[in-house]
Amino acid sequence: MTAEAIRDTHPPSPGRRPGRGPAGLALLLAMAPFLAAAAPSGVPDKPGMPVAPDLCTAGQRATIEAAFGEAGTRLAAAIALLESAPEDAHVRRWFGGARRKLLRVNLGLIAAALRPEARPALICNPSRPCDAGNWARASTVGRSLTFCPRFFDSPAAGQDSRFGVVIHELSHIVIGTRDATYQPARSEALARDEPRVAATNADNYEYFVELLPESRPAPGSVGKPEPLPSGG
C-alpha cells in the first residue's frame with residue numbers, strides 16, 4: 001500500500017496566488033476534501049488506526065489492531081490481579097518488592113495508551129530497516145512505534161507474543177522504561193535482586209502481563225478466578 005501527495009500540475013498564472021481574494025478562497029474550499037484525502041501521514045485511513053509516514057498494509061493494520069485489542073484484555077486482567085492480590089506470587093515473580101502503587105499507575109498508563117486516540121504513530125515497512133532480531137522499536141522523541149517483520153511472524157499469545165511486544169514498546173513511550181535486561185530468567189532475577197530497577201524494565205511489564213497464570217481474577221472482580229480463554 002502506498003500513498004502519494006497530490007501534485008499541482010496546473011500552476012497559477014504569473015502574478016496570482018491561490019488563496020488571494022474571494023476566487024482563491026472559493027478554490028481552496030473546493031479543493032479541501034481532495035487535499036485532506038491525499039495527506040500522506042498522520043491521517044487515519046481506517047477508524048481507530050493512525051497512519052504513520054511509513055504506511056502499513058491493510059493486513060498489517062489488522063494484525064496490529066488485534067494485538068492492541070488483546071493487550072487491552074490481558075492488561076485488564078493483570079491490573080485486576082495486582083489490585084486484588086498485590087502480594088500474589090506472580091506479582092512478586094516479576095516485580096519483587098517494588099511499590100505496588102507505582103506498578104498500578106504504570107500499568108494504567110500503558111492501558112490508556114492502547115486507546116485509538118492516545119496511540120503513537122504506527123509505522124510498518126520502515127525506510128530505516130530494523131536491526132536483526134528486533135520485533136519493534138519505539139521512539140519517545142517522535143512518539144512513534146515501528147513494527148519490524150519479526151513482529152508479524154510472532155505468535156498471537158504466549159512468550160514474546162504480538163500483544164506482549166505492544167505492551168513492551170508502549171511502556172518505553174508512556175512510562176519511560178528501559179531495557180535493563182531481557183528474557184524471563186534475567187527479568188525474574190532483576191525482580192528478586194533489584195525490584196526498583198525491575199519496575200523500570202520493559203520486559204518485566206511484558207512478562208507480567210504475557211505470562212499471567214491460567215487462573216486470575218476477572219477484571220472488575222476481587223478473588224473470583226476466571227479461566228483464560230482457550231489457547232492463552
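Analyst: The side chain of Gln-159 makes a polar contact with the side chain of Gln-183, at 3.3 Å. A polar contact here is a pair of N or O atoms within 3.5 Å; within protein, one must be able to donate a hydrogen and the other to accept it, and residues adjacent in sequence count only if both atoms are side-chain atoms. The model is predicted, so local features need pLDDT of at least 70 and side-chain atom pairs count only at pLDDT 80 or more, while totals for chains, interfaces and linings use all residues. Residues are numbered from 1 along each chain as its sequence is written, and side-chain values use heavy atoms, with hydrogens and water left out.

Gln-159 sits in the loop between α5 and α6. Helices (H or I, at least four residues) and strands (E, at least two) are DSSP runs, numbered from the N terminus. With a relative accessibility of 36%, Gln-159 counts as partly exposed; buried means under 20% relative accessible area, exposed over 50%, and partly exposed in between (1.4 Å probe, protein chains only). Leaving out residues up to four places away in sequence, Gln-159 touches Gln-183, Pro-184, Tyr-207, Glu-210 and Leu-211, where contact means heavy atoms within 4.5 Å. Gln-159 and Val-209 are 50 residues apart in sequence, yet their C-alpha atoms are 10.0 Å apart in space.

The loop between α5 (149-153) and α6 also holds Asp-160. Asp-160 is buried, at 14% relative accessible area. Its phi is near 55°, a positive value in a residue other than glycine. Most residues other than glycine have a negative phi. Asn-125 is another non-glycine residue with a positive phi, of about 50°. Asn-125 lies in the loop between β1 (121-123) and β2 (136-139), and it is partly exposed, with a relative accessible area of 46%.

Two of the residues that Gln-159 touches, Tyr-207 and Glu-210, are among the buried residues of α9. Nine of the nine residues of α9 are buried, so this helix is largely enclosed by the rest of the structure. The cover over its buried residues includes α2 (58-84), α3 (89-95), α4, α6, α7 (184-193) and α8 (195-198).

Consider α6 from this list. Two packed helices are described by the angle between their axes and the distance between the axes. Helix α6 (residues 162-175) and helix α9 (residues 202-210) pack at an angle of about 140°, with their axes 8 Å apart. That makes α6 oblique to α9. Axes are lines fitted to C-alpha atoms, for helices over the stretch in contact, and angles run from 0 to 180 degrees between N-to-C directions; those under 35 degrees count as roughly parallel, over 145 as roughly antiparallel, 65 to 115 as roughly perpendicular and the rest as oblique. On the α6 side, the residues that meet α9 include Phe-163, Ile-167, His-168 and Ile-175, and on the α9 side their partners include Ala-202, Tyr-205, Glu-206 and Val-209. The residues of this contact divide into seven nonpolar, four polar and three charged.

Helix α4 covers α9 as well. The two pack at an angle of about 80°, with their axes 12 Å apart, which makes α4 roughly perpendicular to α9. Leu-103, Asn-106, Leu-107 and Ile-110 in α4 meet Tyr-205, Phe-208 and Val-209 in α9. This contact divides into six nonpolar, one polar and no charged residues. In both counts, Ala, Val, Leu, Ile, Met, Phe, Trp, Tyr, Cys and Pro are nonpolar, Asp, Glu, Lys and Arg are charged, and the others, Gly among them, are polar.

Leu-170 is buried, at 0% relative accessibility. Its C-alpha atom is 8.8 Å from that of Arg-119, 51 residues apart along the chain.

Arg-100 belongs to helix α4 (residues 100-112) and counts as buried at 15% relative accessibility. Its side chain reaches the backbone oxygen of Gly-96 at 2.9 Å, and a polar atom of that side chain lies 2.8 Å from the backbone oxygen of Pro-86.
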